[in-house]
Amino acid sequence: MDLPSLAAVLQAALSPNQDQRKAAEQSLNQIQFTPQHLVRVLQIIVDNSCDTAVRQFASIHFKNFIAKNWAPYDTVIDSDEPSKIAPSDKDVVRDHILVFIAQVPPILRVQLGECLKTIIHADYPEQWPRLLEWIKHNLQDQQVYGSLFVLRILSRKYEFKSDEERIPVNRIVDETFQHLLNIFTRLVQIENPSLEVAELIKLICKIFWSSIYLEIPKQLFDPNVFNAWMLLFLNVLERPVPVEGQPMDPEIRKSWGWWKVKKWTVHILNRLYTRFGDLKIQNPETKGFAQLFQKNYAGKILECHLNLLNVIRVGGYLPDRVTNLILQYLSNSITKNTMYTLLQPRLDVLLFEIVFPLMCFNDNDQKLWDEDPHEYVRKGYDIIEDLYSPRTASMDFVSELVRKRGKENLHKFIQFIVEVFRRYDESPIERKPYRQKDGALLAIGALCDKLKQTEPYKSELERMLVQHVFPEFSSPVGHLRAKAAWVAGQYAHISFSDQNNFRKALSSVVSGLRDTELPVRVDSVFALRSFVEACKDLNEIRPILPLLLDEFFKLMNEVENEDLVFTLETIVDKFGEEMAPYALGLCQNLAAAFWRCMNTAEAEDEADDPGALAAVGCLRAISTILESVSRLPHLFVQVEPTLLPIMRRMLTSDGQEVFEEVLEIVSYMTFFAPTISLEMWTLWPLMIEALADWAIDFFPNILVPLDNYVSRGNAHFLACKEPNYQQSLWNMLSSIMADPNLEDSDIEPAPKLIEVVFQNCRGQVDHWVEPYLRITVERLRRSERPYLKCLLVQVIADALYYNAPLTLSILTKLGVATEVFGLWFQMLQQKKKSGQMTNFKREHDKKVCCLGLTSLLALPADQLPADALQRIFTATLGLLVAYKEQVAEAAKAEEAEADDDMDGPETDDDDDEDADDSDKEMGVDAEDGDEADSIKLQKLAAQAKAFRPHDEDDDDSDDDYSDDEELQSPIDEVDPFVFFMDAVQGNNILMMKAMQASDPARFHSLKQTLDFHHQALANGVAQHADQRRVEIEKEKLEKASAAAAATS
């Protein structure tokens, strides 16, 4: 398509007529991959005679096409798909975009800049080696702006790169920095410089920033070179910003070119100070440079910063970000003796005439409070705003000063605050310094940690609250009512000598929930969380609980703030099952708030938007509510219709930002509900699909609900054919286990899930035993992580426990029986220096291995030769002893922890004696010994932890993987000692038939051939099995008695 025709199509794409617009867009889609198309679009963008709207539309089309299709060469080479853009077209675009980048209007330059960023990230240096030469040449020519613009994009590519990826930076610096220095020098010498000069200096600063952010290029370690740069930066820092041309609008003014230059200069100097201001953190290569920086520049920068701040003191203007950065520099100087010595002579002026006024409520605050209270609240609770806020930086400076230099500064600062309080109290109402009082309260709140620990202030805190904070709850000034609530919350945890003062503060905060001013209501909610946490007698809150919840949800309808949800979580957590009457209403309100927050976040298209954060908070609060009513299954039936739409939508790719929180809700719903409804089963395919598509990182989280579906919905899992859950599970697990691109740590949940199937479906999934064993053995052969090897061997143990004859015949058929058992016994024999087992570290691991190996003992002689029988028998004895010792250690640790909780920390002098007796006195298994009415919640929480992949370091550590000792599974009810003796003696009903087919005398003769050590172990196991039988019967009677008492 020729240029005029293409221009006409682009013009039609802007038509208000929908049919014309669609036809034009369709035409563009059809021709976008034709040769020369991209070149012609660029020609239209740079054609000054073309309509501006058409050029702008063309630039956006150009940018989007390049972002999508300018693939890096390495991905094109590695794939079968050829590049969608002809190499000749790419060459033309690269050459011409450089020429025109500086010539087009700013509105088009932004789009071309994005294109250039994509191209540079993909092509430099391999496919665009001439780029740096072009930049270097044009830095010496008339194209200075264009070359600086391009160099800025190039340098930014390496801003966060380190090590080998950063190598190109050295060449960039070598080729360009001397030219930059020359340009910079000329620019600062210009008298009455224009705004264009500011733009050039800003670009140079940004290039320098990107080049030094992670590491200082070696060229700058030359003292002469570095000094030349520092003299220029100090020149810019000291030089007053031109008065003429400054915008009056504060929002435009802070973005004005010369203030941007000032900001980037301060930014650079702060970064250098952070890197080289502390000799203690330097390595040998940088220590000399750091000494040079401290000696020659750090103090000079401090002096310039103090002079800049003085502008504020005399009523001048300084952008918030610049003020914030300067105060960060000063805060970092407090701990360094030489810098603090320089700071001291000016400290009082800084503290009382600059920093404190910055902490006070000001005109901008009042304007925002009056005109946009929602924005006032958002800014007050936005972490990102803190990065720019002079007030936050002032609070940090004061906190650091009294923390590190408190001896000489805390008392005088508190005296100053007390004087502010006195002047306020003595002033008539029409002349009260409300804003200074606000700043003083902010200071008191910011210093709460220090004041709570330091006498004489610690003893005076309650009196201070009563005298100076409580009266402001009824202040006619809204911001003081809000600040009173906030300060009260900061001190809610102190020990009140008069409990009535705590009640008064709590009552005032609760009243603040109904204040006419939105910021007061929000600060009151924030403070309420501290009072709920600190409240020793919940009767203080219990009568007003319905009122609190009502006010909460009114407020949640007004603002999206995650701190509101935090407070609600605290209340739910504190009152537990007492929240049952409100559970449905809470979930409904939180679900509604969640959808509102998500809609806001989608509209803003920012993952860190307050709406997105609040949405996560809503889901977390729902989980807290479900946790609090976990022993009331009927409530889960009631809340299911409310939560299902959230789970259905957010288990797709739409929910990636909240996927973990949604999975937790699914876990609760499938674990605590009386049964898993058919509606809840519709979530299974969504999780399987997500796992196959994009959610492999969430496999440990997904495993928890999948376990619940198989174990608690066992009948439906086995019976349903449409969809076929067994088949979908196999498809997913076989794909993951066979994937060569997945690390061992990625697939650890897979064998755990196979274990869930074998343990929960005994006798009902015979047809799946061979396929699962095949993929397990295949993965076992190429696994490297010891922990994964253990999990895979446990799958074989589970299969043996499921059906030993079937499993052994399959292993033999596959020709892997000798290989598998050889590896298994080798892993069992590996010991640490301490004598503990290297593998199968958890109680659960040992128990599964015991049950699997014991199941082999029931096989007849023709399937299990005598030598194999002896090896299995002795290995199982060793496992049982190790299991016994670990259970005893766990019981002892639990008992010690209970003693610590009651009596405080104690030293245990009897450890060695207890360890010697561990073979005689057996501990109770944390799983086998649980009472029937033990809280299931602990098990579910443990599941979530247990299913997380373990770090490589853990494989070699001495940690016994006790994370999932509270996991529920069918083998919880199986005692390994009793199971072992039943197998040996032929008492196990399940094994009776097999035992009768074999020769019971085999075990008698086997015992005769054992050495003394193993005979002693066998006798000990037999005695313990008898002891366990008695204990198990006793536990059953106790449970039956407790159940009968509960129903009577």
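The legends below describe close-up views of a predicted model. Residues are numbered from 1 along each chain as its sequence is written, and side-chain values use heavy atoms, with hydrogens and water left out. Because the model is predicted, local features need pLDDT of at least 70 and side-chain atom pairs count only at pLDDT 80 or more, whereas totals for chains, interfaces and linings use all residues.

**View A. The aromatic pair of F208 and F233.** Rings of Phe, Tyr and Trp (its six-membered ring) pair if their centres lie within 6.5 Å, planes under 30 degrees apart counting as stacked, over 60 as edge-to-face and the rest as tilted; by this rule the count comes to 55 aromatic pairs. The ring centres of F208 and F233 are 4.9 Å apart and the planes stand at 70°, so this pair is edge-to-face. Since F208 lies in helix α11 (residues 195-212) and F233 in helix α12 (residues 223-238), the pair ties together parts that are 25 residues apart in sequence; helices here are DSSP runs (H or I, at least four residues), numbered from the N terminus. Both F208 and F233 are buried, a term for under 20% relative accessible area, with exposed meaning over 50% and partly exposed in between (1.4 Å probe, protein chains only).

**View B. The aromatic pair of F226 and F289.** This pair is also edge-to-face, at 4.8 Å centre to centre with 70° between the planes. It links distant parts of the chain, with F226 in helix α12 and F289 in helix α15 (residues 284-313), 63 residues apart, and both F226 and F289 are buried. F226 and F289 belong to one aromatic cluster together with F221, F276, F293 and Y297.

**View C. Arginines over tyrosine rings.** A charge sits over a ring if NZ of Lys or CZ of Arg is within 6 Å of the ring centre and within 35 degrees of the ring normal. R271 lies over the face of Y213, at 4.2 Å from the ring centre, while the charged end of R762 sits over the ring of Y801, 3.8 Å from its centre.

**View D. Helix α40 (residues 725-738).** The expected span of a helix is 1.5 Å times one less than its number of residues, so the 14 residues of α40 should span 20 Å, which agrees with the 20 Å between its end C-alpha atoms. Helix α40 is mostly covered, 10 of its 14 residues being buried, among them Y725, W730 and M737.

Notes
Helix = DSSP H or I, 4+ residues; strand = E, 2+ residues; numbered from the N terminus.
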